[in-house]
Amino acid sequence: MNTLETIPEKLGVADAWVEKGRVHWLPCDGLNVRDVAKTMAALHARFITITATELPDGEGIRMEYHWDLDGQLLGFPFQISDNKIESIYDLCEAANWIEREIHEYYDVNFIGREYELLFLRQGDKPGVNLREEDE
Amino acid sequence: MSYTIPMGPYHPGLEEPYKLDLVCEDETVIDAKLHVGFNFRGIEHLAETRNHVQVIALMERVCGICSNIHTLSMCQSMEGILDIAPPPRALYIRVIVAELERLHSHVLWAGVAGKLMGFKTMFMRCFALREKVMDVLEAISGNRVNYSMNRIGGVNRDIADPSAVLAMVEALEKEMVHTIIPVFTTSTTALSRCAGIGVLTQEQAISYGVVGPTARASGVPQDIRRAAPYAAYSDLEFDVPVETGGDVRARLLVRALEIMQSCRILHQALTKLPSGPIHAEGSDESDIAFPTGTATSRVEAPRGEVMYSVSWEEDSDNPSRVHVRTPTYANMPAIRAMVIGAQLAETPLIQASIDPCYSCTDR
């Protein structure tokens, strides 16, 4: 069993990886993002980014966390409906800027951290850049 | 007693705006705080208002130096959604343009580094050489900056006479071997100015998730061309230079060695350029109809890994989401670790050593 195959078991996930478009996706229903970050850190995987996407019809925001494990691109999708998800910044320093950016773009609250302005300027309101205008 | 020096947004070493608040005791930096966003253009949002042709031109404007890499990443993502595979000749041409772009980016950086070292002759020499790289790009694409080479399913322009381009590349390589490479690998002046400053340890490099020459200079041997090959890189032989010093000197050496590897790749790609079409059948503008889907693409830009994540809804003209993670975005936060403990006068060179692009970072 290679390292990739051990990850679902380490995370207590029954599902297997789904490879699509050169990304290995692991369904994350019921998973805590901090457990994923801890597992990735233990495997010395390199954090790449989080892609946030606002879903249509008020379904919330899809958050795709990406790590690189020996050249393999891993994707962990989380769907949040209440604009909140736990921060992984204290576990993964590389996530600092992208968490701040997503907070500013979508007004997502990363629980357990404070923010300094990244792209916004003093007095700007979070959520103005990429959220739908009618929200 | 400590004091704070605001450096920027008009930067002493580079032509783009960002700000660094340096907290100093005497001449020693004890902390630093970065401020970006002065170049914010909302490109990710604008991308949602462009169709599949317009969005390529838009993404070419993310960066003025590595513009080709952004169109390549965007096209690879869209090809992933559409399940289109470019023909071999197009993949080789993509490699050729990408390596020429790496050459002109690294030579430009070498010039900026020369200027910051107080080595003005080197600056002039590098910029003259960079012009010649751009002459080659102009000969291929008709453009010196935004080449408009990539399209869905392949490339827009063929290389009609690879031997003529090869002759230009060989002349360029010869000149680099006699000028830039010896100065940056053996010159006592250049190396002593850079040795031991701006150190980023391997542990810090992994923690910050830095990429490209910045990572490779800290002993992290990652290169997307090798780890997850795209275009025609799996057909070509090249080494991934890695240094372990983690200082400005190591970053200098890695880029100098990468210039030679780019020449090696170019030589092979131009010699082995397969015959055939330059774009896939069924990839013409009128043939394109997107299904619902998301695709991700990674490429090794001159400054490191670029990642695009693109989503599309069926029958929509425009993407529903384009997320761009640029290399400087990953590398910039590590500046803080590099400047702590440095002398104030060393900080412009340290900042320049990651070859930062704020245009990319801000998008």
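Biologist: What share of the contacts in chain B with a separation of 6 or more is accounted for by residues 24 or more positions apart?

Modeller: This is a predicted model, and the answer is computed from its coordinates. Chain B has 16 helices and eight strands, and among its contacts with a separation of 6 or more, the share from residues 24 or more positions apart is 70%.

Biologist: How does the radius of gyration of chain B stand against the globule rule for 363 residues?

Modeller: Taken along the principal axes, the C-alpha atoms of chain B fill a box of roughly 65 × 45 × 30 Å, and buried residues make up 62% of the 363 residues in the chain. The globule rule gives 21 Å for 363 residues, and chain B comes close to that value, so it is as compact as a globular protein of that length, with a radius of gyration of 20 Å.

Biologist: Which residue of chain B forms a salt bridge with Arg336(B), and which strand holds that partner?

Modeller: A search of the whole structure finds 31 salt bridges over all chains, and in the one formed by Arg336(B) and Asp31(B) the closest N and O atoms are 2.9 Å apart. Arg336(B) is partly exposed because its relative accessibility is 33%, between the limits of 20% and 50%, and Asp31(B), at 27%, is likewise partly exposed. The pair links distant parts of the chain, 305 residues apart, with Arg336(B) in helix α14 (residues 334-339) of chain B and its partner, Asp31(B), in strand β3 (residues 28-35) of chain B.

Biologist: Are Glu99(B) and Arg225(B) buried or exposed, and how many residues apart are they?

Modeller: The side chains of Glu99(B) and Arg225(B) meet in a salt bridge with an N to O distance of 3.2 Å, and they belong to a network of salt bridges that also includes Arg102(B), Arg216(B), Asp223(B), Glu258(B) and Glu300(B). Since buried means under 20% relative accessible area, Glu99(B) at 0% and Arg225(B) at 3% are both buried. Glu99(B) lies in helix α4 (residues 88-116) of chain B and Arg225(B) in helix α11 (residues 224-227) of chain B, so placed that the pair links distant parts of the chain, and their separation is 126 residues.

Biologist: What is the relative accessible area of Thr328(B)?

Modeller: Thr328(B) lies in helix α13 (residues 327-331) of chain B. Not counting residues up to four places away in sequence, Thr328(B) touches Arg303(B), Pro333(B), Asp355(B), Pro356(B), Cys357(B) and Thr361(B). Thr328(B) is buried, and its relative accessible area is 0%.

Biologist: Which strand of chain A supplies the largest share of the side that touches chain B?

Modeller: On this side, 29 residues of chain A are in contact with 34 residues of chain B, and the two chains bury about 2800 Å² between them, 52% of it on carbon and sulfur atoms. In chain A, Arg46(A), Trp97(A) and Phe119(A) lose the most area to chain B, together 25% of what that side buries. There are 18 residue pairs in polar contact between the chains, both residues being at pLDDT 80 or more. Elements that each supply at least two residues of the side of chain A are β3 (46-54), β4 (61-69), β5 (72-80) and α3 (96-106), and the largest share, seven residues, comes from β3(A).

Biologist: Which residue of chain B forms a salt bridge with Asp68(A)?

Modeller: Side chains of opposite charge can pair when their charged atoms come close. The count between chain A and chain B is three salt bridges, and in one of them the closest N and O atoms are 2.6 Å apart, the partner of Asp68(A) being Arg298(B).

Biologist: How many residues of α3(A) are buried?

Modeller: Among the buried residues of α3(A) are Trp97(A), Glu101(A) and Tyr106(A), and the helix is followed by Asp107(A), whose phi is positive, near 60°. The helix is largely enclosed by the rest of the structure because the buried count is 11 of the 11 residues.

Notes:
Residues numbered from 1 in each chain as written. Chains lettered and ligands numbered in written order. Heavy atoms only, no water. Contact = heavy atoms within 4.5 Å. Buried area = accessible area lost by both parts, 1.4 Å probe. Salt bridge = Lys/Arg side-chain N within 4 Å of Asp/Glu carboxyl O. Polar contact = N/O pair within 3.5 Å; in protein donor to acceptor, adjacent residues only side chain to side chain. Helix = DSSP H or I, 4+ residues; strand = E, 2+ residues; numbered from the N terminus. Buried < 20%, exposed > 50% of the residue type's maximum accessible area, 1.4 Å probe, protein only. Rg over C-alpha atoms; globule rule 2.2 N^0.38 Å.
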